[in-house]
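Here's a quick tour of a few helices and loop positions. Have the sequence and the 3D view open side by side as you read.

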Amino acid sequence: MRVFVTGASGHLGSAVVPELLSAGHEVVGLARSDTSAAAIEKLGAQAHRGDLSDLDVLREEAAAADGVIHLAFRHDLMVDGDLAGAATVDLDALTALADGLAGSGKPLVGTGGTAMLAMGGIVGRPGTERDTFPGGGYRIDAENFVAGLASRGVRSSVVRLAPTVHSSLDRYGFITAIIAAARRKGYAAYVGEGTNRWPAVHTLDAAELYRLALEKAPTGTRLHGAADEGVPFRQIAAAIGDNLGIPVRSISPAEADDHFGFLGSFVQMDNPTSSAITRELLGWTPAHPGLIADLHEGHYFRA
């Protein structure tokens, strides 16, 4: 299968591309720079220059492919606080990819986040793949768009990723930002009692999930990339403090933005997430270390 992958040179793409190649697929990765192109080619894939704003490129490459995995996202806009702008770019890109695949019956695997479950009001229980929202929220419109592509003859699915996709490949994710905040402040923090829970998934387990979704996810499927169902944030802070050799402290909600920056609200999110349906449907069995074990491997803390 010839697979077109956006975000192929990024954190997750650098694991998804080898996962696809090892399964015998041919991969073409979208590259927005010469550096990205070189990274994609080093993985053994082909590179095609362009970015998420090049809608004609996205449409043409999707039409030429046997399937598409969409990983790219404007994280720079998100970090600057422009979530709406990042979501708009994402939806426009998905629309172009869908145009290229329309009527083919080929797969399109999109990317969402389990955080939408907490933002959408799922409280007191783990969110499941059956939980959906009518729209209007961060990345929800994009998810609903992809899930509804059966009407256009596309075998579509969405992987809702845990907010923490962790491994030695992670250089710019939420965990690295939280560790950077702890270094800067001289202590690792959690908000209040720190009992709010974050799901997590190892990068290599997430890569396998994307491959399985491409190969066999039914049309309109929502999938959960969550191996750890919910790690109390206080445990995350404790592991960071242990590895940095610094104190661990509770801070108030009013202090969260000062300590964590753009993640001030995210670190207070309670987002337990089940992946039971995903595991049964696709035979996905996460096999790599969980978040706390991965933190204690030390790679996040090396200079």
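Ser275 sits in the loop between α11 (256-260) and α12 (276-282); helices (H or I, at least four residues) and strands (E, at least two) are DSSP runs, numbered from the N terminus. Ser275 is buried, with a relative accessible area of 5%. Buried here means under 20% relative accessible area, exposed means over 50%, and partly exposed falls in between (1.4 Å probe, protein chains only). Leaving aside residues up to four places away in sequence, Ser275 touches Glu129, His224, Ala226 and Trp284, where contact means heavy atoms within 4.5 Å.

Before going on, some ground rules. This is a predicted model, so local features need pLDDT of at least 70 and side-chain atom pairs count only at pLDDT 80 or more, while totals for chains, interfaces and linings use all residues. Residues are numbered from 1 along each chain as its sequence is written, and side-chain values use heavy atoms, with hydrogens and water left out.

Gly283 is in the loop between α12 and α13 (291-295). Gly283 is partly exposed, at a relative accessible area of 49%. Gly283 and Leu209 are 74 residues apart in sequence, and their C-alpha atoms are 9.3 Å apart in space.

Leu209 belongs to the buried set of α9, along with Thr203, Asp205, Ala206, Ala207, Tyr210, Arg211, Leu212, Ala213 and Leu214. That makes α9 mostly covered, with ten of its 14 residues buried. From first C-alpha to last, α9 reaches 20 Å, close to the 20 Å expected at 1.5 Å a residue; the expected span is 1.5 Å times one less than the number of residues.

Now for the helix pairs. Two packed helices are described by the angle between their axes and the distance between the axes. Axes are lines fitted to C-alpha atoms, for helices over the stretch in contact, and angles run from 0 to 180 degrees between N-to-C directions.

| Pair | Angle | Axis distance |
|---|---|---|
| α1 (residues 13-22) and α9 (residues 203-216) | roughly 50 degrees | within 8 Å |
| α8 and α10 (residues 233-244) | about 55 degrees | 11 Å |

α1 and α9 are therefore oblique to each other, since angles under 35 degrees count as roughly parallel, over 145 as roughly antiparallel, 65 to 115 as roughly perpendicular and the rest as oblique. The crossing of α1 and α9 is right-handed, meaning that the near helix is turned clockwise from the far one by less than a right angle. On the α1 side the contact uses Ala15, Val16, Glu19 and Leu20, and on the α9 side Thr203, Leu204, Ala207, Glu208, Tyr210, Arg211 and Leu214. By class, that contact splits into seven nonpolar, one polar and three charged residues (Ala, Val, Leu, Ile, Met, Phe, Trp, Tyr, Cys and Pro count as nonpolar, Asp, Glu, Lys and Arg as charged, and the others, Gly among them, as polar).

α8 and α10 are oblique too, and their crossing is right-handed. Ile175, Ile178, Ile179, Ala182 and Arg183 of α8 meet Phe233, Ile236, Ile240 and Leu244 of α10. This contact has eight nonpolar, no polar and one charged residues.

α8 itself (residues 174-185) has twelve residues and reaches 17 Å, close to the expected 16 Å. Its buried residues include Phe174, Thr176 and Ala181. Just after α8, Gly186 takes a positive phi of about 85 degrees.

Finally, Leu97 lies in helix α5 (residues 83-101) and is buried, with a relative accessible area of 0%. Leu97 touches Phe4, Leu58, Ala62, Val68, His70 and Leu108, not counting residues up to four places away in sequence.
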